[in-house]
Amino acid sequence: MLTVATGNKAVAAAVKDACPSVVAAYPITPQTEIVEQIAEYVTSGELKSQYIPVESEHSAMAACIGASITGVRTFTATSSHGLHYMHEMVNWAAGARLPIVMANVNRALGPGWNIWAEHTDAFQERDTGWLQVYVGSVQEAYDATLMAFRIAEHESVLLPVMVNLDGFLLSHSMHPLQSVEIRDFIPPIHLPHAIDTANPAGYGTLTGPDQYFRFRWDIERSMRDSVNVIRETEEDFRHRFGREYHPVEEYRCDDADVVVVAMGTLGKEAEVAVDLLRKEGVKAGSMRIRWFRPFPRLDLSGRDVVVIDRDYSFGFGGVIARSLAATEGAKPFSVIAGLGGQEVTYDDIAGFVRDRRPGEEFWFGVMPDV
Amino acid sequence: MYEIRIHSRGGQGGVTAARLLALAAIRDGKYATACPFYGAERRGAPVVSYVRIDDHPIRVYSQIRHPDLVLILDTSVMDVVDVLNGMKPGGRVLVNATDHREMKGFPSFSVDLTGIALRENLVVAGNPILNTAVLGALAKMGIVTMESAKMAIQEMFSDKRNVTAAEAAYAELVA
């Protein structure tokens with residue numbers, strides 16, 4: 001049914017439709033509405049899940065790990081400081097090969113204390129073995145959450161998936177939302193290494209120097225295999241429900257001389273900047289990176305590249321700009337913009353493109369002029 | 001794209017008004033988004049919400065700087081906020097007031113939403129509920145159809161007095 005919902009409500013609705021057996025979560029702004037709504041679904045009986053209110057995010061992920069190892073579908077949601085409070089368990093979930101799905105509402109890290117959008121929170125978890133997807137609309141928050149369960153639980157993946165949505169810009173914005181009849185889109189979960197609750201016994205995970213690296217490689221092998229699983233899942237989603245997704249959403253790139261690369265809502269706003277620039281005769285296009293892990297390939301050859309990073313790695317640079325320098329040999333104009341919810345308009349983005357200086361870094365609002 | 005900025009005070013229902021308006025626009029077959037601007041809100045502080053309506057999917061997330069319509073639910077915010085800031089040429093203003101207001105050359109409309117809410121006894125925690133009545137005024141101004149406005153109200157609120165309030169605002173809007 002077509003309705004109006006916030007990004008948070010969209011995630012909760014997708015969780016209801018995916019029907020995890022266990023949800024364990026702790027509220028944090030701007031994610032709170034997700035866990036409130038799921039708790040309401042459980043209370044009303046619309047979602048037949050065990051809802052475990054926990055005392056911290058570390059416990060939330062630990063509870064999901066404990067539930068997931070019994071072979072059931074699990075979900076949690078967090079943001080920013082909550083994500084980092086569970087950091088130890090975030091690593092554990094991936095290492096234990098548990099297909100937990102988590103929504104992370106991207107929010108800046110304090111101090112300065114700030115509850116608004118930034119991607120650094122999730123980027124700091126990039127080496128944990130979690131798959132990460134970033135959405136650009138409320139509808140996509142719903143769709144990506146549904147797909148996350150299928151991708152995580154696929155036998156070739158069996159890794160956790162983090163669905164990221166921009167704090168307030170998506171979590172609290174209200175857009176049209178069309179839910180779907182999922183039917184058998186997400187097959188029943190089958191965890192090959194699940195423990196038997198009827199005959200309870202765990203197994204030790206101590207792994208010596210002669211074996212540990214094999215398990216690390218196995219995570220990477222699955223991460224590589226996940227590329228195909230993501231493609232198949234997005235293709236089947238389009239086939240069943242009519243909405244099309246790719247690891248990178250390209251917009252007017254075919255004949256583009258200059259490409260704006262961004263993530264989340266800035267990636268959508270960049271499309272409006274592209275339309276503006278095209279009217280001025282600038283052959284611009286945009287690429288919105290959706291899947292950040294596994295990191296996608298981008299066709300940037302022979303083009304100027306303007307990367308907008310709503311993140312920063314201190315002493316290194318914008319994470320996407322430096323990643324594309326490494327993976328594609330790009331020499332982007334690296335714009336650092338939108339940190340902590342800093343307002344960035346399509347006019348601003350068009351300005352970054354007009355006045356680009358390939359190879360340089362520009363902090364929007366800090367440095368006097370492009 | 002038609003852009004609406006709503007000025008109110010925390011707790012008056014400006015955010016819900018934005019949501020209702022977006023829902024009504026969607027029931028009209030259009031695309032719409034509603035974005036409350038979240039600062040350090042608390043009850044009684046001036047707050048702003050945005051609604052965008054278009055025939056195409058909306059990809060803009062930044063704040064509305066050049067509104068086509070400014071809706072003022074509480075005239076006291078005009079003492080502390082420049083409510084006409086960035087108005088588009090030809091932009092219109094809708095004010096919740098008992099009297100008609102001149103708004104620096106912008107066509108202005110007024111309706112006593114507070115009076116209507118009190119008359120219908122639509123009061124929650126001592127606050128008159130303005131956000132359902134205002135849909136009627138917006139329908140009269142042609143932003144959404146009255147049919148969709150009523151549909152949106154009924155989807156979100158079961159109390160029929162909300163529809164009665166919207167009908168009253170539709171009838172009583174003063175240009």
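**Close-up views of a predicted two-chain model**

**View 1. Six strands of chain A form an open sheet in the order β9-β11-β10-β13-β14-β15, with mixed pairing.** Strands are DSSP E runs of at least two residues and helices are H or I runs of at least four, both numbered from the N terminus. Two strands pair if DSSP finds at least two bridges between them. The edges are β9 (248–251) and β15 (361–363) of chain A; each has a single partner strand, so one side of each has no neighbour in the sheet. From one strand to the next, the twist averages 20 degrees. The model is predicted: local features need pLDDT of at least 70, side-chain atom pairs count only at pLDDT 80 or more, and totals for chains, interfaces and linings use all residues. Residues are numbered from 1 along each chain as its sequence is written, and chains are lettered from A and ligands numbered from 1 in the order in which they are written.

**View 2. β9(A) and β11(A) run antiparallel, joined by four bridges.** A:Glu250 has A:Met287 of β11(A) as its bridge partner. α9(A) packs on the sheet and touches β9, β10, β11 and β13 of chain A. Contact here means C-beta atoms, placed from the backbone, within 7 Å. The direction of α9(A) makes about 175 degrees with that of β11(A). Axes are lines fitted to C-alpha atoms, for helices over the stretch in contact, and angles run from 0 to 180 degrees between N-to-C directions. α11(A) also packs on the sheet, touching β10, β11, β13 and β14 of chain A. Its direction makes about 140 degrees with that of β13(A).

**View 3. Helix α11 (residues 346–354) of chain A has buried residues A:Tyr346, A:Asp348, A:Ile349, A:Ala350, A:Phe352 and A:Val353.** A residue is buried if 20 or more other C-beta atoms lie within 10 Å of its own, exposed if 12 or fewer, and partly exposed in between; these atoms too are placed from the backbone. The cover over the buried residues of α11(A) includes β10 (258–262), β11 (284–289), β13 (304–309) and β14 (333–336) of chain A. Helix α9 (264–279) of chain A is also part of that cover.

**View 4. A second open sheet of chain A has seven strands in the order β3-β2-β4-β5-β7-β6-β12, with mixed pairing.** β3 and β12 (291–293) of chain A are the edge strands; each has a single partner strand, so one side of each is left without a neighbour in the sheet. Neighbouring strands are turned by 20 degrees against each other on average, direction ignored.

**View 5. Strand β2 (residues 22–25) of chain A pairs in the parallel sense with strand β3 (residues 50–53) of chain A over four bridges.** A:Ala25 has A:Pro53 of β3(A) as its bridge partner. Between these strands the chain passes through helix α2 (residues 32–44) of chain A, and this β-α-β crossover is right-handed. Right-handed means that, with the strands pointing away from the viewer, the path from the first strand over the helix to the second runs clockwise. β2(A) also runs parallel to strand β4 (residues 74–78) of chain A, joined by two bridges. There, A:Val23 is partnered by A:Phe75. Helix α3 (residues 57–68) of chain A lies across β2, β3 and β4 of chain A, at about 165 degrees to β4(A).

**View 6. Domain 1 (2–241) and domain 2 (248–363) make up the division of chain A.** These bounds come from an automatic or database domain assignment. The C-alpha centres of the two domains lie 27 Å apart. Their contact takes 26 residues from domain 1 of chain A and 19 residues from domain 2 of chain A. On the domain 1 side, α6 (120–123), β6 (131–134) and α8 (212–241) of chain A give two or more residues. α8(A) provides the largest share of that side, five residues.

**View 7. Chain A puts 18 residues in contact with 15 residues of chain B.** On the chain A side, β1 (2–6), β8 (174–178) and α9 each supply at least two residues. The largest share of that side, five residues, comes from α9(A). The chain A side divides into nine nonpolar, five polar and four charged residues. Nonpolar covers Ala, Val, Leu, Ile, Met, Phe, Trp, Tyr, Cys and Pro; charged covers Asp, Glu, Lys and Arg; the others, Gly among them, are polar.

**View 8. B:Tyr38 lies in the loop between β2 (31–36) and β3 (46–54) of chain B.** B:Tyr38 is buried, with 20 other C-beta atoms within 10 Å. Not counting residues up to four places away in sequence, B:Tyr38 touches A:Phe168 and A:His172.

Terms used:
Two residues are in contact if their C-beta atoms, placed from the backbone, lie within 7 Å.
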